[in-house]
Amino acid sequence: MLGKVYVFDHPLIQHKLTIIRDKNTGTKEFRELVDEVATLMAFEITRDLPLQEVEVETPVCSANAKTLAGKKLGVVPILRAGIGMVDGILKLIPAAKVGHVGLYRDPETLMPVEYYVKLPSDVEERDFIVVDPMLATGGSAVEAIRSLKKRGATSIRFMCLVAAPEGVEALQEAHPDVDIYIAAMDEKLNEKGYIVPGLGDAGDRLFGTK
C-alpha cells in the first residue's frame, strides 16, 4: 500500500506560492515567503497529533482541557535548500529537534551521495518531517529517507512546496510507508530534470547564489 499524497489547497498557501514562483521575486521576499508557507504547511501536517486531557486552573475555575500527548517530533531538512523551511516549522513546534541530511549528485552516475548526516540521539522515538522545497526526480528525498531509516527512524513524513508526478511516484515506490505533503503538484519534469512550471532552483533563490 502506497503512502498518501496530500496537496494543500489553502488559499493563503496558494497565494504565497504564486509569489514564490514569480521570477521577479527577490531573495529577501522569497526567503520570507518560503518561511511563511512552511509555517502554514506545518499547521496542516500536525493536524493528527495526539492529545491528552489535563486539568487547568483558569481565572474562573478548574477546567478539563487538552494538551499535546508528549509526541516527540524531529525536522530534517535536506541540505541546502531544505534549511529555508525549518524556522517556519519551528515557529509552531519549537520543541522539535532538528537533524540534517546532506547529499550531492555524483557527476558520473547522477545518483545522490550522502556526505553528512546528523540526527537527534533518540531517532527511534521520534516522528520525523523531512523537508525540501522541491520534489523533482525524487532521488534526494529517497536517499535522505533511506539515511534516516538506516539509523533507526520508523515514522517519517515528507513535506515540500512543489512536486513533479515523477518524483512523487519515485518516492512512493521506494518508501511506500511515507506520506507526502505538498503545496502544489506541478505538470512534469523537463529534459534537465527541472520541475515545470516549478519555481527555479530553490537553493539559489533562497541564498542568492547562481
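This is a predicted model: local features need pLDDT of at least 70, side-chain atom pairs count only at pLDDT 80 or more; totals for chains, interfaces and linings use all residues.
Visitor: What is the volume of the largest pocket, and which residues are closest to its centre?

Guide: The volume is about 820 Å³. Of the 28 lining residues, Arg105, Asp132, Met134, Ala136 and Ser140 are the closest to the centre.

Visitor: Which elements supply at least two residues of that lining?

Guide: They are β4 (73-79), β6 (100-105), β9 (134-135), α4 (139-150) and α6 (202-207). By class, the lining has 15 nonpolar, eight polar and five charged residues.

Visitor: Which residues does UniProt list for "binding site"?

Guide: The unreviewed entry lists Arg80, Arg105, Asp132, Pro133, Met134, Leu135, Ala136, Thr137, Gly138, Gly139, Ser140 and Asp201. Such annotations may be inferred rather than shown by experiment.

Visitor: Which of this set does the lining of the largest pocket take in?

Guide: The lining takes in Arg80, Arg105, Asp132, Met134, Leu135, Ala136, Thr137, Gly138, Gly139, Ser140 and Asp201.

Visitor: What does Asp132 touch, not counting residues up to four places away in sequence?

Guide: Asp132 touches Ile78, Ala81, Gly82, Met85, Phe158, Met159, Cys160 and Leu161. Contact here means heavy atoms within 4.5 Å.

Visitor: What is the second largest pocket like in volume and lining?

Guide: That pocket has a volume of about 220 Å³. Of its 13 lining residues, Leu68, Lys71, Leu73, Ile93 and Ala95 are the closest to the centre. The lining divides into eight nonpolar, two polar and three charged residues.

Visitor: What makes a set of residues a nonpolar core?

Guide: Members are buried residues of the nonpolar kinds, such as Leu and Ile, joined through side-chain atoms within 4.5 Å. The largest core here has 37 residues. Those with the most contacts inside this core are Ile20, Met159, Leu161 and Leu199. The elements giving two or more residues are α1 (11-21), α2 (27-45), β4, α3 (83-90), β8, β10 (155-163), β11 (179-185) and α6. The largest share, eight residues, comes from α2. A second, separate core of 25 residues includes Leu103, Leu119, Phe128 and Val168.

Visitor: What surrounds Leu199, not counting residues up to four places away in sequence?

Guide: Leu199 touches Leu17, Ile20, Arg21, Phe30, Met134, Leu161, Val162 and Arg205.

Visitor: How do you know whether Leu148 is buried or exposed?

Guide: The cut-off for buried is under 20%. Leu148 has 0% relative accessibility, so Leu148 counts as buried. Its place is in helix α4. Leaving out residues up to four places away in sequence, Leu148 touches Val76, Val101, Leu119, Val123, Phe128, Val130, Ala153 and Ile156.

Visitor: How do you know whether Ala202 is buried or exposed?

Guide: Again, buried needs under 20%. Ala202 has a relative accessible area of 4%, so Ala202 is buried. Ala202 lies in helix α6. Beyond residues up to four places away in sequence, Ala202 touches Phe30, Ala81, Pro133 and Met134. Ala202 and Pro133 are 69 residues apart in sequence, yet 6.6 Å apart in space, C-alpha to C-alpha.

Visitor: Which residues of α3 are buried, and what do the buried ones pack against?

Guide: Gly84, Met85, Val86, Gly88 and Ile89 are buried. The buried residues of α3 pack against α2, β4, β5 (97-98), β8, β10 and α6.

Visitor: Where are the bonds between Leu79 and Arg80 and between Val196 and Pro197, and what is omega for each?

Guide: A cis peptide bond joins Leu79 and Arg80, with omega about 5°. Arg80 is in the loop between β4 and α3. Another cis peptide bond joins Val196 and Pro197, with omega about 0°. Pro197 is found in the loop between β13 (195-196) and α6. Most peptide bonds are trans.

Definitions and conventions:
Residues are numbered from 1 along each chain as its sequence is written. Side-chain values use heavy atoms; hydrogens and water are left out. On a 1 Å grid over the protein atoms alone, a cavity is a set of points where a 1.4 Å probe fits but cannot get out, and a pocket is an open set with protein on both sides within 12 Å along at least five of seven lines; lining residues have an atom within 4 Å of a point. Grid points are joined across faces, edges and corners, and a volume is the space filled by probe spheres set on the points. Helices (H or I, at least four residues) and strands (E, at least two) are DSSP runs, numbered from the N terminus. Ala, Val, Leu, Ile, Met, Phe, Trp, Tyr, Cys and Pro count as nonpolar, Asp, Glu, Lys and Arg as charged, and the others, Gly among them, as polar. Buried means under 20% relative accessible area, exposed over 50%, partly exposed in between (1.4 Å probe, protein chains only).
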